[in-house]
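Trainee: I would like to learn how to read strands, sheets and contacts. Please take me through an example.

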Amino acid sequence: MTRQQLLDLYFMDARAKLIDLAAFLDRVDRGEGEPDFRLAAFRQALEALHQGEPVRAKSVLLALSDPTVEPIAKAPGKGACGAWPGPA
Amino acid sequence: MRYIEPHAHMVSRTTDDYLSMVTAGCSAVCEPAFWAGFDRSGVQGFHDYFCQLTDYEPKRAAKFGLPHFCWLCINPKESEDMGLAAEVLSIIPGFIDRPTVLGIGEIGLNKNTRNELAILERHIDLAARHDQLILVHTPHLEDKHKGTRLILDAIQADSRIQPDRVIIDHVEEHTVEMVLDRGHWAGMTLYPESKCTAARAVDIIECYGGERLWLNSACDWGISVPLAVPYAGLEMRKRQFSAGRIDQLLYGNPQKFLSQNPRFKAL
């Protein structure tokens, strides 16, 4: 598809998500107390958007991923939180 | 449009969902064994669950004219308890020959622990000994990339497993390539808040060709959409996919993989 067609299809949706993202960061800024590791990971992942190649989604996912390679000794729980907290 | 729902946890869904799926063109539904949202207290709970998957749920689906199939395992969320996992593994052979069982799944990893990995290896061994297809769950969010690599290595380490008899599910942009490179099938799960959106799934198809890819809703007791697969078909139409290509992706591809087990028959 042409870039024009893709803009026609997805621009309004992406625009809404972009504003939501900005509003989320504003909301967190207005909040009180110290943020946990997720905010730094989020800001780090945002850097991937500046890439000039069409691998931004992959880069964002990798920025939020556990980069280690060995299985861990014990599960800290069942859930995942969306960002890697760093070495235990 | 006709489609196959290759991954749905129908025991958690209502009859309204069955009606909607059939109305939308669903031709078969496949249900991997999974976590109930709470830990079962013992092996008897799994025995009852496997009876539900192999007996009761196909009957419930049949009321809507929908063929229902299932996969059996202990889900990685409960594999941390190796004693329980061993007991569950011991009862699976008693269910494997039931007429709607497609294979072993959804096995895999959750938090990428040593115990989970050990139980994954035992499931792979079970599948190899009984010549079963394998459906793999990959971990959530920050654990997915690492977990997918560990899973791929565990499968590769067992030379009895043919790569094209394994589907690695819940792939995203950072894991799809490594899965396809190993010769496996890859599943994309369409969730509102995590995993893939329909637009991203179509992006992945455009980038990787769609030959060994399928799409599923993985609808369960959480936030999920039972009609996510036909909705993705609509997304493909917006992206100018032909009717034939949509049919291949939503019906032909899952049929090709699942038909490796001769029990599988879609409408």
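Predicted model: local features only at pLDDT ≥ 70, side-chain atom pairs only at ≥ 80, totals over all residues.

Trainee: When is a residue buried, and when is it exposed?

Mentor: A residue is buried if 20 or more other C-beta atoms lie within 10 Å of its own, exposed if 12 or fewer, and partly exposed in between, with C-beta atoms placed from the backbone. Strands (E, at least two residues) and helices (H or I, at least four) are DSSP runs, numbered from the N terminus. Strand β5(B), residues 133-137, is mostly covered, with 5 of its 5 residues buried. β7(B) is mostly covered as well, with 5 of its 5 residues buried.

Trainee: Which way do the residues of β5(B) point?

Mentor: In a regular strand the side chains alternate between the two faces of the sheet. From β5(B), L133(B), L135(B) and H137(B) point one way, I134(B) and V136(B) point the other way, and all are buried. In β7(B), W185(B), G187(B) and T189(B) point one way, A186(B) and M188(B) point the other way, and all are buried.

Trainee: Which residue of chain B shows the exposed case?

Mentor: Take P262(B), which lies in the segment after α10 (243-258) of chain B. P262(B) is exposed because it has 6 other C-beta atoms within 10 Å. Its C-alpha atom is separated by 19 Å from that of W214(B), 48 residues apart along the chain.

Trainee: In what order do the strands of the sheet come?

Mentor: Two strands pair if DSSP finds at least two bridges between them. In chain B, 8 strands form an open sheet in the order β1-β2-β3-β4-β5-β6-β7-β8, and the pairing is parallel. The edge strands are β1 (3-5) and β8 (213-216) of chain B, each of which pairs on one side only. Neighbouring strands of this sheet are turned by 25° against each other on average, direction ignored. For such values, axes are lines fitted to C-alpha atoms, for helices over the stretch in contact, and angles run from 0 to 180 degrees between N-to-C directions.

Trainee: How many bridges join β3(B) to β4(B)?

Mentor: There are 3 bridges, and the two strands run parallel. W71(B) has G103(B) in β4(B) as its bridge partner. On to the next pair: β4(B), residues 101-108, and β5(B) pair in the parallel sense over 5 bridges. There, I107(B) stands opposite V136(B) in β5(B).

Trainee: How does the chain cross from β4(B) to β5(B)?

Mentor: The crossing goes through helix α5 (residues 114-129) of chain B, and this β-α-β crossover is right-handed. The word applies if, with the strands pointing away from the viewer, the path from the first strand over the helix to the second runs clockwise. Another right-handed β-α-β unit is made by β5(B), helix α6 (residues 144-156) of chain B and β6(B). β5(B) and β6(B), residues 166-168, pair in the parallel sense over 3 bridges, and V136(B) has I168(B) in β6(B) as its bridge partner.

Trainee: Which helix comes between β6(B) and β7(B) in their β-α-β unit?

Mentor: Helix α7 (residues 176-181) of chain B, and the unit is right-handed. β6(B) and β7(B) pair in the parallel sense over 2 bridges. For β7(B), residues 185-189, and β8(B), the parallel pairing has 4 bridges.

Trainee: How many residues of chain A are in contact with chain B?

Mentor: Two residues are in contact if their C-beta atoms, placed from the backbone, lie within 7 Å. By this rule, 23 residues of chain A are in contact with 26 residues of chain B. On the side of chain A that touches chain B, α3(A) gives the most, with 4 residues. The residues of that side divide into 16 nonpolar, 3 polar and 4 charged. Here Ala, Val, Leu, Ile, Met, Phe, Trp, Tyr, Cys and Pro count as nonpolar, Asp, Glu, Lys and Arg as charged, and the others, Gly among them, as polar.

Technical notes. Residues numbered from 1 in each chain as written. Chains lettered and ligands numbered in written order.
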